[in-house]
Structure formats: structure tokens, C-alpha cells
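Biologist: I would like to learn how to read an interface between two chains. Where do we begin?

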Amino acid sequence: MRKLLATTALLAAMAGAPALAQDYTPDPNAKEGGSITITYKDDVATLDPAIGYDWQNWSMIKSIFDGLMDYVPGTTDLRPGLAESYEISDDGMTYTFKLRPGVKFHNGREMTAEDVKYSLNRVTNPTTQSPGAGFFGAIEGYDAMADGSATELSGVSTPGESTVVIKLSRPDATFLHVMALNFASVVPQEAVEAAGADFGKQPVGTGAFKLAEWTIGQRLVFEKNADYWREGIPYLDQITFEVGQEPIVALLRLQNGEVDVPGDGIPPAKFVEVMNDPEQAARVVEGGQLHTGYITMNVTMPPFDDVKVRKAVNMAINKERIIQIINGRAVPATQPLPPSMPGYTEGYEGYKYDVEGAKALLAEAGHPDGFETELFVMNTDPNPRIAQAIQQDLSQIGIKASIQSLAQANVIAAGGEKDQAPMIWSGGMAWIADFPDASNFYGPILGCAGAVQGGWNWSWYCNEELDKEAAEADSMADPAQKDARLAKWSDVYMKIMEDAPWVPVFNEQRYTMKSARMGGDDALYVDPVSIPVNYDYVYVTE
Amino acid sequence: MSAAADPAAPRPRSALRRLARRKLAVLGLVLIVLTVLGAIFAPWLTPYDPNEQMFDGLTITGAPMPPGGQFPLGTDLLGRDLLTRILYGARTSLIIGIVANGIALVIGTVVGVTAGYVRGLTGAVLMRFTDLMMAFPALLLAICLAAIFSPSLWIVAMVIAIVNWVQTARVLYTETTSLAEREFIAAERTLGAGHMRILLRHILPHLVPMIIVWGTLGISTTVLLEATLSFLGIGVQPPTASWGNIIFENQTYFQAAPWLVFFPGMAILILALSFNLLGDALRDVLDPTQRGRD
Amino acid sequence: MSGDAKTSGAPVAPDTVLSVEGLSVSVRTEAGPKVLVDSLSFTLNRGETLAIAGESGSGKSLTSLAVMGLLPPPAVHVSAGRILLKGTDLLSLPEGKMRAIRGDRIAMIFQEPMTSLNPVLTVGKQLTEAIEAHETLPRGQARARALEALKAVRMSQPERRLKQYPHELSGGMRQRVMIAMAVALRPDILIADEPTTALDVTVQREVLELLRDLQRDLGTAIILITHDMGVVAEMADRVVVMQAGRMVEQGPVRQLFAAPKQPYTRALLDAVPRMGNGGAPVKAPTTEPLVRVRDLKVRFDIRGGVLNTVQAHVHAVAGVSFDIRPGETFSLVGESGCGKSTIAKAMVGLVPFTGTIEVAGRAVASDQRRSGAAFRDVQMIFQDPMASLDPRMRVGDLVAEPLVIHGIGSPVERRAKTAELFERVGLERDQIDRYPHEFSGGQRQRICIARALALQPKLIIADESVSALDVSVQARVLALLEALKTEFGIAYLFISHDMAVVENISDRVAVMHLGQIVETGTRAQIFGAPKHPYTKTLIEAVPVPDPTHQRKPSQRPAGEVPSPVLPRGVLPQRILLKDTGDGHLAAV
Amino acid sequence: MAAYLVRRLLVSLLILLGVSFITFVLLYALPADPVRQIAGRSATAQTVENIRAQLGLDQPLMVQYWRYLTGLVQGDLGRSYLQRSEVSELIAARLPATLLLMAGAIGCELILGLTMGIVAALKRGSATDNTLMIASFVGVSAPQFVVGLLLLYVFAVQLKWFPIGGYGTLAHLVLPSVTLGIMGSGWYSRMMRSSMVDVLRADYIRTARAKGLTRARVILRHALPNAILPIIAMIGIDIGIFMGGIVVVESVFGWPGIGQLAWQAIQRVDIPIIMGVTLVSACAIVLGNLLADLVTPFIDPRIRLR
């Protein structure tokens, strides 16, 4: 059984992920120039790559800054970024990056190895308060940084102007992904120091675009970086981001031709209308995203400490109905990993919707008449609605769940306490992968590390054996071991499903709508790492 | 022209009769009674359960059903019967309207009358506190409070009461101050009447009409505030229906399914309007300070 | 208008300016139309003063409003008759034409100078506006005319007044502004509706003289509406007496006063208190005083400044001493703001004071904590009986209230006592369960008296208790008070601005000015031989209800009234009283 | 006047101090932990505690409040936890939009409310009066979010007279202003009517008419300035009501004001922003009332500020 699963995963991985080095072929139809308008509802908090961690600013930061590593546009495939090339030592503990020469910051200064070092020190320094510092935990000297006893990562050294050597304290298969994270972007020290705490408002990077104008609460304007080190990129001269716009307003403006891409996607209320109109539907690009919506069950709180109860809940949820409520814009989930994530276990059917079976299981667990519990949910649409659908499903097997619809922060707070939230619907706060690697779904949200007060493992599920297995998988850093590693991850998640701390409900699909004049490969519009679009590679046709 | 008619002291029966002569007030009263009846008899008025998400309540693409046919007012985004939810939602609105407003009225009366009668340091402190509460943006305060206590029907009522007593207090303060300066109060004092006697026998009875008026008008404010809190998603918890949260849950569909906003919106409007009409008429009939406005 | 004009009687060929024929004014009520003025007819001749006299509800004010076309719409309206201004029926004129007449040919001044001027516009604006409404003039010229009008009404510092707002002027000055506004365009007719009722007696005197002088200079015909027969006697050439919307009698003033034809007129004239017929002289004091007031001071704080500290004081009562003996009526007279009511309030513990007040040997506590016994001995009757009765209580309960408060008797006994009191003050037993608003003004004052009597007090303070009543009612209430005095041996502290009433009922009198007593003595001493100039002015100012009375003209331009407000630390100058013999004290 | 102003400002300061303290305590009591949000999902407990100490959130309540106050005195509203910007900067960037919206709403209230009130008072008892007063009642009773959605649907979506949302031109301002102002218009028209009715009965109006002034002059010159006095005090109070309303209206219309800022901050427990917005709102309310008090003497010379 285990072998079979592993093989399937391997096949999938081979089909979905060609060779690492294969780069993006420029679009022969691409035109230079022009400008586009993109809208968002929420304000952009910051463009500081060490701090920005929101839906909106993630892709913006990607266009302003570069890291040592990068992804092939529209895919989850790594490619070198500011590093021209890299070498991994045989034990997988030392990474040597050779920097691309002649890369200039927006302020005109040439980027050097010192900048890379400075940037890594900065992001891991607690005074930066970076929400991404933890990703760099594998770098030697990280712990000393975290507890404030060091101001430099001992593992990062710069033997030459253009060479950066990073030593790890443990092998980390995801390390190259980490180096492609926004948090690993290279920033110029002098600009950071000049701006002080406001670097996020005056970002200086090496990226394809630079910030030209920022009217808080209204608009950001990006301007083409003419000196960009990638030849011919970007195509667009200017991008305007308008913030504070309701998704519905954005869509209506798109229909009026005032907007090119609504950043928050197609609002549910308009989805059916858009998809029923062939002309509009043609401009919608559908793709998967690295997202899973799930219900956590707190395994330390009775009766959810009983795996039978958790399984019964898994069987009681009518995922199709929930998907219907969000207009079918998702696919039912069977496991924590989304289908487009390497390591996803193909063919696994998960717990089937089976009310009778669930009832029987619940009776077996000693709750023939069900029980009362609470379901926490974030209070923005459509989450309370989904919660109500879940509530109705639970009531079918006798579980009376009362809904606690709270502000996001309060739900997170409740989840972080061991005895507060028996069940949480993750919507609105759900896990969207930071980088396309199976490990990203484990550590903080399913591993023991997250099952602490204030942690993000809201089911408080802690299986030390799986932790060990996960650590093993992550130490298989050699590219040659990639498939074996994915198989291992697949195995971990299957074991988690055995214990059923979650009900994986659905994987949201991405639907990006664009104006008629937008050009570029469809894949760019559902880019797994640049949401909603990869600004560097799209263009306008007129 | 000098012997002006008595400015105060209507007899209760004549007040009722005068109220009955106002068509709008009667209309308001009738609508309120209808709402109350609808709320009480909701289970008999509709065949559906307010929380039942019916399979045939949604189209295959997940869109709600428009009004007509099986669902007279259509269904909501979860396939529940809208009419049923509006009827049950009336319970929420009325309970909160009455409870929250009752609490607010009690706080407001105690604070306002005490401050107005006692004056001095106690009065000053009470009124500065009232000013302080006035300076709070009410909705922001309500939102903060709602975020601290996880909301339930009763918590929402409390929150609304906490932000809503200020108006009553201010009005009653002014009124008590002017009452305390009226000659008949001075006359009572020359007769040797104690403070409690003056407060309970001579000041409070004069405030009762005003309290009734503010109580009635306050219900409409309260209904609106509950709806607003629910509209922002921090009111009554789902699936309990409230007019505000019906709109909150369905507002994104206002274009595709306007009935989901229109019907509950009209319900809020009509109930608030009814209480306003009634309160205003009561003000004319009962409140001596506002007499002679038409 | 001067003495000889009066003696010459009506002109031979009366030049009629206005004639009112069969005027009826009705109000629409829910019970159908109700007639308020019933077929009233009179004429007004050039240069004459016609007084329309009557008690409240007689319809006199409505008549004047009907002439102006200013009846309050839509309920009150003219239901019949004609009003002819030199032959033109004003009632048939469209509003636009009527507007041209208002203020230009017929002008009007109203009773309440306090409320009749727009508080948010300067005197100058309101004056020039009146002029510009009828004549197209350049700004400067209109202003000049306004100034001229202010000078004509003998306003002090007229240029400054133009820039002032009404609230900055005293009542008398405001009434002068009103008159200036009315006469600025030299109207044919000036209607003065109770022009002096709200004013102090000395100011009333000035305004009346001003009106008379203006009439003499301008030849304007005046319709003077008043309830005060003294004013009628002084001002009018002819009188129309009205009662309940009907004309009772009409005739030249001397004739009417000398030989009233109708019983109502006669009764009205009889009820008017007259000076100089106050009754028997008072016996010399024999007993110990009931009330002993020594060096009574009451001051109020005016706060301001950054910390809202006391910046100034109103010295409402600035050191007053007097005694009241048992069974005696002691009166305090003086003009508004002199502090007489404050003394009353201090005596019943409504305001904190310094000095001592003793009633029947007990000190009244100076803070507001009561000493119950003193309160039982002193009761008070207020000016406005309606205001001093809790409108939400039945009158029986109100009268029983003091008994309840002091825990006297059982409910049954209290009820019996209440009924007894009702009868004693001339009310019916079966009225016990009614509410105050169901009674007339005089009846209400009787209820207040009954309540005051309930505790069998030794002293009753009557603070302007009859001032708001019509003369006929006033006379009856005064008679009741007098009867109670003899029956129960009650002493009265009688507070009034009405010199005639005071003279009629007092045993002893104290004249107050700016918080201090300037003269005190027996009635005979004060009214017979006033020593202090202020007392003299007060007495002389009272209009005499006798058309034959000759009065010395006195002219005084209206200026600021002296103020009892002094900055912190500054004390009012104490007035020293000197005995001029026989207990008659006067300031030196 | 100067002393009055100083005194009022002192009292206002005390009120603001009270507001800040109560808000601070309330926010302190919030169950949500802002540090966790700052630190992100991958943070270790160590990091969380580090950040907590850096922000001073490990200190006792009074110490934290004292720090906040000392900052406040220097005009420092603190730094947003999540937006990482100066709160004062964030508010300053959004305040103009909110003020513009409020100005629009007050304009709408005055134009609609006063006109309706005056007309109703002049036509007292007529069908016009009744219609206008019912309309006012509807305005007073209509929930803002319903009005907003309805206006949006009818005038922007269906008729396309106005843009659907956004900010910038006068056309953008109309619908949000009307939505925010419609409730006040109802109150104003009712207040204006009763005030006007009272004033029209006043003796000085009779005097003015007795002078032979035209009807228009009597109404505009004599009645209006007096009748408008209670409304001015209302405008001061209105600012407080608006502060609540903007959360809803800005969210419905996507107006880039502090209402949206506050709402987002509350959702994410960004305490410095919530504090800042509450204080700014309270300031606006206090200032609004003060301004109303200061303006009144210009219209009513009887009122002297001492």
C-alpha cells in the first residue's frame, strides 16, 4: 500500500515538474510598454520584503525585489535569481551561491555579496520583527540570532565580492525554496538605514519594477526598472494598484474597461454571471492554488480526543454542498496537501461523505446522541455561511455545534489556546503555501512545534513519530533524492489522515479575470507564487 | 391672551385618545403589533425551519432562489427560506430592541436624574462621565466591546445598552435640572419635603412621559444598531437569524439577488419607522416640553 | 396730550381715522367655531387716545391683532365686520397691500419688550429695516432716520444703542426701541398692547410719558390696550371696556370713571386698589417680634475664567434687618431685582444666606438642611399659583401634602382637614379630586393658600401672590388673606411691586433698593410722609385711576439700571438707616 | 472668551484622557494576541517573547498606558503592529477622505434637512408637511447599509448616474454623502420644522410682521437665524454619529477613509491603529462640539462664552 502510494506520487512529480534548470521562454508576441490597473480591497501594509506577508503585497514585493533563487514564471519550478549558480555540498549542509554580476539596486548601486549577508542578518534579527524569520531556522547561528545573543548569522559568509556561502545546522531540502521567499530578498543596507522603520514605504530593491508613487489608502504606482538585469523584462511601463475597492466594484469596473485585473478575484455574487457569458468567461483563467480549507478538531479536548469521533466528523461533512455554496469554485479535498503540491497523494479518496457510517462511528465512540461543541470561524463572508453549512452537516449526526463568529485575530487567539476552540473552520485564515513544498503544510500547523500555546497547530495534533519522519524527509536535500522525499511526505500526510485531526474540506481554485487587452501565457495569470499575476511577464496587446 | 392654557398634566385617558387620533401613530402601532405577532407565531406562519438549509433552496450553481412559488420571499445563499428567517429574525430584533433599550433607559435615567437633581460634585462627575461617553464614537466602542466578549444575543444587547444610555441621560439631566428649578419643587421644599419624596413623587412622575418617549424612540435606534453590528459580522451569532445578519450574509449578492437585501432591509426600516412614528406621537401627546409643535 | 386737551373734551368735528364696525373674531375648535370677539364697534379719531380696557380673556388683544391683520393663522380669524382705515376696509385688502399699511400707517407695540425684539439682530438693523420696508432710502439715510427715532424716544447714547443687541438693554430701553420702531414712519395709528405691564413702575411712568409726548408731537392716534385702570385714567381720552369678547361700555374717560353705567365697569373700578385710602392707622407694637431678621445677606456667585472660579458676586440681599410681629402684615416693596423675593427664599431655606433669621425664637438654618419646626411655622405662597402646584397631582393631595410630609393625622383625618381647608378658602369640597389645570388663576391661588394654611403656620410669605391676577380676582384674594389674618392671627410677609396693593393691606412697609432697605415704617409713615427720594419716586410713579388727577411731568432718558453685580472682594456700600421718629427709618 | 476657551480645552483634554484610558483598557482586555500576528506562523516561542518585550507588551497595563501617554504628548501615536507605519501617518493619509465625506454628509443634511424642515414648517398641517415629515421619518429609520446598497444598486448599477465606488471626483462623493447624511437629514428636517414652528410663533416675528416686512424677509432674516440655533449644536453632535457611520458607509462604497482603516485594524487587532482612530474620532467629536459652541455666539449674541 505504502509503496504504491509512493510510486503514484513519484509519477505525478515527474510529470508536473520537469528539470530545475529549464527556464522560461520569452513570449514571442510580447509587446513592450503600456500600463495596467490592478485593484485590491485591503490596503497594502508594507513593501518591506522582510515584513510583507499579505495576499496583496506578496507579489508586489516579488516584483520590486529579487532573492538568490526564483521560480520559472507560472510554475513552481525553481530557477536561479540573483545567484547565477549555486553549489550544494555533498552532505547538503553548505550552499555556495555565485552572484550574478552587474545587478544594480534601484538606487544605482551594484549589488554585492555583502548585501545578501546583510539582508539575511536583517530578516533573522528579532528587532526586525519579521514574520518570516522562522523560515531561516536551518541556517547556522539562527538560534543565537533569535534569542538576541548574536547580531550576525554565523553560517553566512562572503568569501568574495560575488560569492555567498551559507552553512546550515541541519540538512534542509526546502532551503532553496526558502531562498526564493520574499523574506530572503536582497536589500541595500544604506537604503534600509536611511528609511529606518519606513523602509516598507520607500522600498529599494533590484526587481523589475520600482515604486513610483504611493498614496496611502488609495493607490500605488510601479514603474519599470529600465536597468533590470533580466533582458527584455518587464514588458509593462507602469502598473497602478488601486486599493480600497470592493471586489464587486472592481469587477464592474473591469466590465467597464477601467481595470485590467481585479486582484481579489471574481466576487462570488458575480461568478455565475461571468461564467455564463462566453465573452467574459473566455477572459477567466482557472488554476489550482496551493490552498486547503479545513476544519481543525482539537485532539486534546474531549470528545475530539477520540479518533473515531474525528473520523465520524470527517464522514459527516458534505463537501459538495459546501462547494456549491461558494459557487463551485473549489474541488473537494481529501488530504491536507492541495492537488498541485508536489507530494500530493493521488488516488487517495479520503473519508467519504457517509452520514450513516458517521453516526455508527459516533455511537461506537460512545456518543450515540451526539454532543455539543463549538465551531469557531472568522467573521467575514463567506466563512460564517460555510460554518453554518458545516453546522447543519454536524447536526445530521447529532453534533450540535454553536458557531463563534469572531474577528480573525480572536479566532487565531482561541486556536492558540489548548482548551478553547474545539473546532475551527480555517477559511479566511487558511494555509496558502509560502513555497511549493510539501513540508510547508506540516511544521507549524500539524507538527508538534505548532502545538504550543500561541501556535498555529489548532488541532493540537502532535505525533512525534511523524515529526521524526518529517525531519528525515526534509534532510533529503540531494536533488537526486527528490522523489524519495516526496514519497516520504506523502506517507506523512496519509498517516495524519489516519488520525484525522483535520477535515480537509476543499481546495480553492483560482479564477483570475483579465481585461481583453492583457496578453501573456495563461499560466502567468494563475502563477502559484505571484498572485494574482506575475507582473514581470504579462503585457498589454494594444 | 395672558391666561395661557395649562402646559402640562394631561390625564392618561385623554393621552390615549389623542394618540388614537394620530393616523401615523396608529399605523406605527399596528405595524409593531404585527411584527410582534409575526415573531411570536412564526412557527405557525411558515412551514420551514429558519435554519434548515434546503437542498432545493439553491440552484445547482449555488445561487439563491428568487421570490415566488415555494419560497414566497425567495431563499438565501444557504438555501434557507427568507420569509422564515425574517419572521424569526423579528424575535432577535425585538428582544434586543426591548432588552438593550430597557437597560439603557435604566442607566440613563439613574445617571441623568441623579446628576440633574444632586448637582454638586456627584452631578458634575456623572455628567463629565456622560460627556466622555459622548466623545466615544459609539459604533467603534460597540465594535471593540463586541470583539472582547464573544457576541451572543445578550452580550449584543449589553453592548448596545452601554453605548446607548448617554442620550437618555443627557435629556433627562436637562429635564431634571429644569424641573428642579420649577417653582412647585421649591414649594414642596418650603413644605419640608425630603429629597427622596421630591424625587420620587414630584420629579419622576414628570419624567415618565419623557422616559416613555425616549424608550420608544430608543427602540428604533437599538434595532438599527443591532442590524449594523450584525451587518459588520459582530452581532448575533449565526445561524440565529437577525435582520442585520441576513443582510450581512447576503450583501455581496445584492445585485444578483436584490431581494436578499431588500426584504430584510425593509423589515428593519418598517420596524424602526413604526417605533419612531409612535415615539414621536407619544412625545406630542405626553411630553409637556415639546407640546404645541403642531 | 396735556391737561387742557383733556378738559376741552372731544373735538367738535371728529376726524375719524379708524372705524371698527361689528367686528367678530372666532377660533375654530374641535367643537366648532367659538366666538372670541363679538360684534365690536368703535371709532378712533385723529390725535386721540382710545383705551380698550378689560381683564384677561376679554378679547382686547385679539381686537388689536385683527386691526393689524396679524391674527394667528389658521385657527383664529375674523368672522364678521369691517375695519375701515380712512374708508378702506382693511379686511378686504390682499396681504401685499396690508403689508404696506402695517408699520407705515398703523404701527404696533407689544406687551413683552423682552421677547418682541429679535434677539439676534442689532437694534439698528431692526430699526432701519422697519424704515426700509416702506421707503426706498440709501443705507445712510435710513440709519440717520433710525437714530432720529431713537433720539425721539429719549434714549441715552442713541448711537451706541444702534449697535447693541436687545439683550444688552433693560426692559424700559427695549420698550423705547419698540416705540421708536413704531413711530419712525409717523403712522396714523399706534396700537399699544399693554405697553407697560411688564415694566417696573418707574419705568412705566417714563414710557407712558413718552407715549403722551410723542402723540402730542406727532398727532398720532393711539389705541391703548390695558388692564390697568390707572393707566387708562392717565392716558385715555375715551375708553372701551370689554368683557368676555363684548363691549360693555364706551365713553369719554372722565365720564366713565365718574359715572360708570354698567355694573361690570363699576365693579372693575371698585376693585382697583387706590392709594391713599389704606384704612385705619396701625397700633403701636406691643408684643415680641415673631420674626427677627438681622443683617441678612444673600449673594450669588458668577463664575468664569480658566478654572471656572468665582469672578464676581450678585449681591442680591446686602444686609437687611427687620422684625415682623405676630398678626402683622409686613410688606417689602421695590422694583424687580431689588432682592425682595430672595429674602423670602432665604426665610424658607431655599437659598443659603448669612446673618440670622429667627422665627418664633428658632433660627432658620442657613444651609439648605431644614429644621422642620421652622418650616411648619413659615409657609409661602408664590407668584404663579400654576407653577407652584405640581400639575400631575390632584389638588386635594397637594393641599394634604404638608400633612403627609410632617406625618400629621391618618389619611381619613387628612382628607377631612383638606375638605375643611377647601371650604375655608372658598372652594368646593367636590373639587378636591381635580387637577390644578382645571381651575382658574384665582382658584389656584386659593389652593395654594389652603396648602399654606394646612400646617397652621405663624407666618405666611406671600411673594407677589396677587400680581398675576386680574384686579377683580386680586381684590377677592386680598380680602381672603385679610380675613384669614384676623381669624388665625397669622402674620404676613407681603412682597409686591404694586404700591397701591401694599398700601391697602400693610401694617408696616419696607422699601428695598439694590438689596438693601432704604426706608421702613408704618404704612402711614411711608405713604403719608415718605422720606427717601426713591420711595417718593415709587409712589409718584404709580398711575392713579382718576382722570382728574394732575401729575407733575418728569422726564428722564432711559439709561442703564444700577447693578447689584460687583467684582469679587468689592462689597456694596451699606446704607445706614436713621430713625426719623416713631420707628420710621430712612436712609440718610 | 479666552478663559472660556482655555477651560473648555482643559475639560476636552480630560475627556480625551478618559477616552484614551478606557479604550486602552478595553484593548488590553482583548483576547487576541497582537504579537502572534506580528511574529507570523513560523515564529518560535522565543521570537514571540522577544517581540513582546521589544514592543513593551510584557509590561503591566499602567506602565504600557503611561508609555502610550508620554508618546501621545509628543504627538506620537505609535506604530501599527501589522502595517508597520506610523499610525499618525496612516490616519493623516486617510483623514482627508473621511473629512470630505463628512463635509458632504453635513452638506446633504443641511441642504435636504433644512429645506424640508422650513418648507414643512411654513406649510404646517398641509399634505406637503405630512409628506415631508413621513419622508424624514423614513430617513431617520433607514439603516445606513441598506440605504447605501440600495443607492448603489439604483443609481450606480442600474441608472449608471454615479460611479459604483471609489474616490476622487465629485461624482464619487455624492452617493456616500447622501447615505451618510440621510439619517441626519431626517433629524434636521424634523428639528428644523419644530424649531421653525416655535420661532414663527415668537413675539419678535409678530413684531417683524407688524413692521410690514415681506414674508420672505421675515422668514429669512428673522425666523431662520433663530430657528437654526438648535441645529448648530446638532452638527457638533453629528460628528460623533458620523464617526460610527463611516465604518459602514466607507465599507459599502470602498471609500478610503479612516473608517476602513479602523475596521481592518479591529479585524486584525492592530491596537495602535484602533487607539489612534478612536482618539482622532473623539477629538473630532470634542472639537465638533466646541466649534458648535464657538459658532453659536456669532449667530446668537445673547450667548456669551465665559
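The dialogue below covers the contact between two chains.

Modeller: This is a predicted model, in which local features need pLDDT of at least 70 and side-chain atom pairs count only at pLDDT 80 or more, while totals for chains, interfaces and linings use all residues. Residues are numbered from 1 along each chain as its sequence is written, chains are lettered from A in the order in which they are written, and side-chain values use heavy atoms, with hydrogens and water left out.

Biologist: How many residues of chain D are in contact with chain A?

Modeller: Contact means heavy atoms within 4.5 Å. Here 40 residues of chain D touch 53 residues of chain A.

Biologist: What area do chain D and chain A bury between them?

Modeller: An interface's size is often given as the accessible area lost when the parts come together. Buried area is that loss, taken with a 1.4 Å probe and summed over both parts. Chain D and chain A bury about 3,700 Å², 50% of it on carbon and sulfur atoms. Arg36(D), Arg41(D) and Arg84(D) supply 23% of the area that chain D buries against chain A, more than any other three residues.

Biologist: How many salt bridges are there between chain D and chain A?

Modeller: A salt bridge is a side-chain nitrogen of Lys or Arg within 4 Å of a carboxyl oxygen of Asp or Glu. The count between these chains is 2. Asp43(A) and Arg94(D) form a salt bridge through their side chains, at 3.0 Å from N to O.

Conventions
Buried area = accessible area lost by both parts, 1.4 Å probe.
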